[in-house]
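Subject: Structure for you to look at

Hello,

Here is the structure I promised to pass on. Please open it first, then read my notes below.

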Amino acid sequence: MRRIAWMVSMFLTLALNAQTDLSFSLPQGHPRYLTTQEGKKETEKLIEKEEWAEQVFVRLKERTDRYVDKGSDWLSSRLQMYWNTHATDVYIRGEFYDHAGGDRAPVPTVVFTGARGHGTNYRRPKLEELAPYQEDARGMYLENTSLKAYEWVNIGKTGRIIESINNEIIGIARDAAFLWWMTGEKKYAEAADAVFDTYASGLYYRNVPVDLNHGHQQTLVGMTSFEVIHEDALNNLVPLYDFLYDYLAEKHPERMDIYASAFKKCADNIIAKGVPHNNWNLLQAHYVMNIALILEDDSAYADRKGRQYYIDYLLNKSSIRQWSLKKLADYGFDSSTGIWAECPGYSSVVVGDYASFVNLFDRNLKMDLAEEIPVLPKAVEAMPQYLFPNRMVCGFGDTHPGPLRTDIFRHMIANARQHGKKEEERKFTAMLKLFDPSASEPAEVRKNMPVAVTSFFAGKPLEIDGSVEAGKIDDYVTPAFYAPNVSWLVQRNGMHPRNSLMLSLNASEGNHMHANGISMELYGKGYVLGPDAGIGKTLYQGLDYLEYYSQFPSHNTVCVDGVSSYPVMKSCHSFKLRCMYPQPGAKVDYQPISYSEVYFREPETYADQTRMNGIVNTSDSTGYYIDVFRSRKVEGGDRMHDYFYHNLGQVMTLNAADGSPLDLRPTEELAFAGGHLYAYSYIYDKKSAKTDKDVRADFTINMPDKDNITMSMWMKGEKDREVFAALSPMTEGLSRIKDMPYVLADQPTLTFVARQNGEAWSRPFVAVYEPHTQSAPSRIRSVSFPETGKKGKVAVKVCLVDGSTDLVLSSDDPHEIVASGDTEARSVCSLVRTDEGGSLRLCFMGGGTLLRSGAFSVKAETPSDVVLQKKGNRWMYASSSDISVVLDGRAYKLAASKEFRAVD
């Protein structure tokens, strides 16, 4: 018992020590969210001194005067309120508004928005088009965008128009409150007061919406929006209240408790609702923290729920739907890689939000959150690993690829400077200058300061240390990288936007993931030529997302029996990384060859799948990809395995590898008919040929400058195989990127499918991909696939235009020999390159114990990765273990070395 008591005591002590100390002083008085009363003089000096600040202030004033000068109640009368009914209760059905009712409140209450999604057939009116004090049982009087006519429409069909209108009005009132604080002009206070008092009082007297379906939506719904993470009105209400506080306290002292209670009602509902284990938690926490900062001390309220209560809740407490910042970080970040457990698009949101919290804690609490949660700097440093050579992030899961957010670096610079972390400041300054070259330019040169109140405070230009040089991209990425908490890896042979190659491979682990098996993206000549399809035209609400974009056939993967699938969004279907070279995360030079092999259990059909991928350099600026995909059902009974590959471009050709035409004919195969996924029905203009010939597909982007880009693919033929040329829905994920060579939204995606009837393990999908252009033509003369005489054993012969020949060997069992000619290997993947005269130039053994070619051999006691490359007249090597080599008639015992060393 004494031992148990001691253990309990130690546990409690550790738990208490893990909590963040809240014994810091909080500022009194208002404002205190964006600035303090003492900051007013600093803001006045900024406007007087800096031209950009003066321009922002003048334009902000002009924009606000446009409405304030219409009268003190003009803005407030356009708020969407239950002006007549004063409804206290709101009812929804799932993701749509149903009706309002309940007791009559003493004041007008806030109308709830129409739907969870934005989609609607009606145009959102401008504020000038709104009638004052409008409430009608028929709903809203709006213009039908299809009919170009006005009509009464039920609120449930208006999307998010209502919250959009209210947020715009509250935003103008926020600006008016700021202008009153700066100028003392009464007209600004009166207009801001009318809006705030009406809206805040209306929130106080209205209840949380009730879902008549009693469904999941009840756990997500906010006071003003269907999702607590979209309580966007609070972003404006908080600074509005903070700047206007003294005016409100003087004019409405009897309502100050009502205002505070309205804020706390929102905060309590956000804590009670939502999702704790992903980006939602942080978005929720932001709203709660912002509310906390403008509340008074706990002692000011009868329920003892003031700012200390809510700050402590976010830092040290966790409930079923709101975790503390620390608990969330422990759950979501991989401490070894810094990667967050969601797709890149949402990971960027989370890392950005955490960095924003760092800034908020520095500004308002003088606390170093980066010290409290030490994984945060590592997470910021890891963000560049998502980048393709064109500096766009990978597109897996629910991601819209784009450049890195650079505000995260600014927040970390400010944090390091405030807390005296010189090396941290230099590191993040170098990153900021690399990813935002304009960072060092004065604001007036950049000309991008938004007309917003925040531009004078948290959003104002950051003074950058001019002595720090911009970092180099290779300082922040590695040739190979693997993040197990999202089941994602990358291989790179460089980061040159035009010349480098990179592949991204992912399964489905973490949040905002798709059902995609082992999915691949391929990069070449400035673009992700083999992309992930994206999310869909209407995000997660659309049928195209549910049926196509989130499913196997939209990805570069293999679908078994036409039915491979599993739950999307929060998914737990990862691959296992079996081997990889270079070592993931290792800071080494880019290699002449890289490879990886992963294993995946496809749950729907209980199938085993492996994918071996390689990048092979053919010069300093060219190279090709190898893809070997094996797939079979564990218990047999395989009907078919479909290999999908999608590529950018407007033109696709599919022929036999020798150039002869295939007898491609229109087909109705690849369809839902037959009990397959709905996704198959999205594929159209299908032509197919049944053939055992090796095939070649060319996907071409017709470039505006006429230097057309082509991805060429060679695939090994097999018995019982059928190949398809088809079109799929547009590549939605990349469609938002500017300066693409054509309008992606208007162009279907070029699609190649290879269907292996029966199993595809002993007859795997074996492909070579090479990107090239008219000005930098293909370096490959031919690709062939010599027979190895053994099932599951693969040989690929790539003949280059300079006379060199690559022989690639791959085995489904690295303990067994695979041979072609005088070359044999016991490995996952091996390569031997000979020059025009037949002399060895490059040898690679991946995950193997033996590679022999003619008189050359390399042996290892345990599965090892070995590279031998002839540079000039000298052989260099790198090896993951000690090896024995016979080379040029001599035997060598070579020690393990991560870096290239001379063979001697």
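Phe752 touches Tyr643, Phe644, Tyr645, Met652, Leu654, Val695, Ala697, Phe699, Met713, Met715, Val723 and Phe724, not counting residues up to four places away in sequence. Contact here means heavy atoms within 4.5 Å. This is a predicted model: local features need pLDDT of at least 70, side-chain atom pairs count only at pLDDT 80 or more, and totals for chains, interfaces and linings use all residues. Residues are numbered from 1 along each chain as its sequence is written, and side-chain values use heavy atoms, leaving out hydrogens and water.

The largest nonpolar core has 234 residues, and Phe178, Tyr643 and Phe752 touch the most other members. Such a core is a set of buried Ala, Val, Leu, Ile, Met, Phe, Trp, Tyr and Cys residues joined through side-chain atoms within 4.5 Å. Buried means under 20% relative accessible area, exposed over 50%, partly exposed in between (1.4 Å probe, protein chains only). Helix H5 gives this core the most, 14 residues. Helices are DSSP runs (H or I, at least four residues), numbered from the N terminus. A second, separate core of 27 residues includes Val628, Phe785, Val796 and Phe844.

Now look at Asp544, in helix H18 (residues 543–549). Asp544 is buried yet has no salt bridge (a side-chain nitrogen of Lys or Arg within 4 Å of a carboxyl oxygen of Asp or Glu). The nearest side chain of opposite charge, Lys537, is 6.1 Å away. The backbone nitrogen of Lys537, though, lies 3.0 Å from a polar atom of the Asp544 side chain.

Best wishes

Conventions: Helices (H or I, at least four residues) and strands (E, at least two) are DSSP runs, numbered from the N terminus. Lys and Arg count as positive and Asp and Glu as negative; His and the chain ends are not counted. A polar contact is a pair of N or O atoms within 3.5 Å; within protein, one must be able to donate a hydrogen and the other to accept it, and residues adjacent in sequence count only if both atoms are side-chain atoms.
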